[in-house]
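Please look through the sequence and the model below before reading on.

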Amino acid sequence: MSMKGRLLSAALTAGAALAVGYGMKKLGEKVQEQTAVPQDDDAQAEILGTANSKIRLKMGDKNDWSYTMRSKGVVKEKENTAAGKEHHFDFVPLKDGVTQLEFDYKPQGTGSAKTITYNIEVKGGQIIRCDAAGDLEMIAK
């Protein structure tokens with residue numbers, strides 16, 4: 001084989017090796033893109049609004065509501081007052097998270113005990129969820 005042939009063969013071999021190396025690099029980048037850990041959509045989600053944290057519950061004469069908080073430090077009590085036949089509670093956010101408030105009502109005499117559970121979620125320093133479950137007829141409107 002002549003010198004020209006050898007040089008041409010070496011050039012083609014080197015070019016092919018570079019092309020294969022470049023292709024392998026691009027393939028590796030593509031694999032990394034597709035196997036990357038997806039970002040948590042909740043963390044990136046925009047807060048669309050806030051929830052009302054003012055809770056108003058019905059009560060009878062000489063009876064009162066009490067509550068227990070599951071995860072302390074997410075919200076704190078701002079208001080806890082009785083006015084007429086209603087008991088008013090209000091909470092302010094402290095840190096992001098979710099907590100559960102269980103309100104218990106024990107009437108005097110023959111009435112039955114009532115329980116309402118509120119789930120409160122704080123995100124971005126604002127209360128974004130405050131929903132109730134349980135004896136909902138005891139919620140004052």
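Predicted model: local features only at pLDDT ≥ 70, side-chain atom pairs only at ≥ 80, totals over all residues.

Residues are numbered from 1 along each chain as its sequence is written, and side-chain values use heavy atoms, with hydrogens and water left out.

The protein contains two helices and seven strands (DSSP runs of H or I with at least four residues, and of E with at least two, numbered from the N terminus), and along the sequence these follow the pattern α-α-β-β-β-β-β-β-β. Of the 141 residues, 20% are buried, where buried means under 20% relative accessible area, exposed over 50% and partly exposed in between, with a 1.4 Å probe and protein chains only.

Four strands form an open sheet in the order E2-E5-E6-E7, with antiparallel pairing, and two strands count as paired if DSSP finds at least two bridges between them. Strand E2 (65–69) and strand E7 (126–134) each have a single partner strand and stand at the edges, so one side of each is left without a neighbour in the sheet. E2 is joined to the antiparallel strand E5 (residues 97–105) by five bridges, and Met69 stands opposite Leu101 in E5.

Within strand E6 (residues 114–123) lies Thr117, which counts as buried because its relative accessibility is 16%. Leaving aside residues up to four places away in sequence, Thr117 touches Gln100, Leu101, Glu102, Asp131, Ala132 and Ala133, a contact being heavy atoms within 4.5 Å.
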